[in-house]
Amino acid sequence: MKMAQGISSQEERYRIDYTPPKKGWLEPKIEFRKGTYCYPASLKHQKYLELPNQREWQPAEQDWKLPENWKEIILEGMKDRLQRYRSFKLFLDICVRCGACADKCHYFIGSGDPKNMPVLRAELLRSVYRRYFTLTGKVFGRLAGARALTEDVLKEWFYYFYQCTECRRCSVFCPYGIDTCEITMMARELLNLVGCNINWIIEPASNCYRTGNHLGVLPHAFKTTMDFAVDEVKEITGIKVEPTINRKGAEILFISPSADYFASPHWYTFLGYLILFHEIGLDYTWSTYASEGGNFGLFHSMELAKRLNAKIYAEAKRLKVKWILGGECGHMWRVIHQYMDTFNGPTGFLEEPVSPITGTHFENAQSTKMVHICEFTADLIQNNQLKLDPSRNDHWKVTFHDSCNTSRSMGLVEEPRYILNKVCNHFYEMPENTIKERTFCCGSGSGLGSDENIETRLRGGLPRANAVKYVKEQFGVNLVTCICAIDRATLPTLFEYWVPGMEVSGLHELVGNAIVMKGEKERTTDLRGKILNSLTPPSPPTGRGEGEGEGHDHV
Amino acid sequence: MGIFYSFLATIALVLFVSIGILGLEWKSFFTLVVPYAATVLFIAGLIYRVLKWGSSPVPFHIPTTSGQQKSLPWIKPNNIDSPYTTGGVLARIALEVLFFRSLFWNERVELRRAYELLFKRNLYLWFGGLAFHWALLIILIRHLRFFTEPVPSFVLLIQALDGILQSIAPTFFISNIFILGALIYLFVRRVIYPQMRYISLPSDYFALFILLGVVFSGILMRFFFKADLVKVKGWVMGMLSFNPVPPEGMSLLFYIHLFFVSFLIAYFPFSKMIHMAGIFLSPTRNLSNNSRNHRHMNPWDKPVKVHTYEEYEAEFKEVMKEVGLPLEKE
């Protein structure tokens, strides 16, 4: 079923067949078909990050140019990680293969490939663990589900562990809380020990290390971009906002994913931030050194995640701010909520976050000292600190897509919904099996959003798209709002295929639309420049809005 | 294939004990050596496994949050699915262990037509799993009557409740029906669903066969080939006081039952059944969602190479100056 054979209809192209193959799964499957895998990291970026086994190579080629002693490296690495991570050891030991996780994975649902069942994805690694680290595996071999580590097995790992978005949906349903994300993280660390990584992760990570952000935006470009945004806000609202960059002594350091100020449709969320902060008179600064909230290091190794994350506290310390506010991003908040303090704390040089506008103490962030913008804005609205005109979003019928990380690794569920209900009049939830802790991944998370990986992404995105299609048909929804920069970068492509006509936005774009600024001129357009016709919301739209620029960039 | 080998292994166990008893008269071996050895393996194995897990730290704070975090005071937090107190964590684990809470939310996805998904709540696995585990627990408690003198009242009470239908059918225990039904269900689902068959290992079937062996032999003894319970109790009490005397005049079925049980507990720590202990240590379930207000320590944390601001400024000084961004060194 290759695309090249001219099968064009949607029905056929991504046919889903849930019938498992005849051959057992212990046989590695190593077919690298175009569209289903990501390209390896370019040499330049491997070098910049000083990664092991630097080389040019291609997964589809026979020779992966592995180091002579690659097997030793992997097995040593495995032993090391078994000693360092209880999660790893435990999750390799206690799975009973009950199958509850199987149809919880978006990649399995969209592909039918049994090795995309979380249980089997983990078994790919578990089988090797059994062979080298357990008595039963050593004695009974294949009968005990054990297999030797071969190059083919390694290739299979590469294929399937870069076909898991670390979304943790399976861990919600597993009766023991086995988290495939942990397994995938470990597997990727192992693969990286022998230099098997992908460019869509390594390039942004390398950029981020050098320039402060994934997209490689240099400080002067950052400043120019900011000036451009200021002009645009002025044009729309008549108000000149005055954001500052790298300013010492500001009360708050604000950090967002870099796509927010560089990609589309993120840009309008960026404008929303600027409008909001100006309106409440926030004493805050942006930073060019810490110009990235996201952390693609997380998708490579804990070490690289820590290396990239270090900038946030370092910059907060240098600028002598009191606390940090963070923008809309999914995996960024995985790192901030669950890793940052451990990585790079303690934070004695900061103060407990207190909203300067409402006086609210953000007690839930008193150690990490970083507050999510949804917590911040919800608090403002609840304290009546914002004048809002939700009718300015009446041209949207909105649904909310929970990001995997904010829902399943943070529990940020009601804050964005509270805000959404205040800033727009037409908000419809998707079916409950697909939202909140059961939300479906966009299919492109954890560094897999590259163009060459399009088939895997479209398949993995099917469950999300399907729920969106449902609310489109039921309620005429025409906008998917989310608080994740990867979503904003990759959902448009997904919907273009599965739900044509669906737009994607950040939450603070809608906030920016709704805020009635002091002294603003009458708004004739929304932040996208669309003419406001506040009388009636359109019925289900038939085509996409105006061209939206690239939007497929790294975030 | 897996089924075949597992079944063969199970039959081999039956043959082993049959030949051992009928041919070789190894009665002491099966009633003294094997149970003692199995008990030692069980206890030592369990401790070994738990200590081995425990010896690896939990470097990061990674609970899976399945509910609203505790953030702003006016937003209702979910202290069970996104626990923020120790009580919440304990409740989450208790509900998981006692009622399989995560499995309770299980759903099935179907393709209604091409590219159209249908989600259906699916309680079969939850019910089957729960029925098996609870029935097993009740049966274990009932067996305490062999291990205690006087028999505690809760054991008698549970036995009475479990046998409440005995007025209709003598020697009938509800738990027996449940455990048999549940085990057969758990076996059948592995066989009839193609995905389940695909992921099942020989050891998955083997565990079920051993359990079925225990249950079958137990029920047969209860119904058809009654064992002399007084003798059994005398033997068990002797074992407990390390003054063991093999019971006389027991049928082969008794030895088969005993051997299956011994094998099961000896095998237990080295098989997937160890999940019983593992669930308590699962870091996605036993940590509270408070990682932003309590710093979690990583015991093997070490400094990493970072790109400092000084290095950054050194590289980009010129362009920063160009657009008027403030510099440290000027």
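**Notebook: chains A and B**

I began with the interface and found that 93 residues of chain A are in contact with 81 residues of chain B, contact being C-beta atoms, placed from the backbone, within 7 Å. On the side of chain A that touches chain B, helix H14 (residues 302–319) gives the most, with 7 residues; helices (H or I, at least four residues) and strands (E, at least two) are DSSP runs, numbered from the N terminus. I noted that this side of chain A divides into 42 nonpolar, 26 polar and 25 charged residues, where Ala, Val, Leu, Ile, Met, Phe, Trp, Tyr, Cys and Pro count as nonpolar, Asp, Glu, Lys and Arg as charged, and the others, Gly among them, as polar.

For the record, this is a predicted model, in which local features need pLDDT of at least 70, side-chain atom pairs count only at pLDDT 80 or more, and totals for chains, interfaces and linings use all residues. Residues are numbered from 1 along each chain as its sequence is written, and chains are lettered from A and ligands numbered from 1 in the order in which they are written.

**Backbone checks**

I found a cis peptide bond from A:Ser264 to A:Pro265, with omega near 10°, and A:Pro265 sits in the loop between strand E1 (252–255) and helix H13 (266–279) of chain A. A further cis bond runs from A:Gly345 to A:Pro346, with omega near -5°, and A:Pro346 is placed in the loop between H16 and E4 of chain A.

I also noted positive phi values in residues other than glycine: A:Glu50 has phi near 55°, and A:Arg168 has phi near 70°. A:Glu50 counts as exposed, with 9 C-beta neighbours inside 10 Å, whereas A:Arg168 is buried, with 27 other C-beta atoms within 10 Å. A:Arg168 lies in the loop between helix H8 (151–161) and helix H9 (169–173) of chain A.

**Chain B**

I counted 13 helices and 2 strands in chain B. Buried residues make up 34% of its 330 residues.

How values were computed: Buried ≥ 20, exposed ≤ 12 C-beta atoms within 10 Å, placed from the backbone. Contact = placed C-beta atoms within 7 Å.
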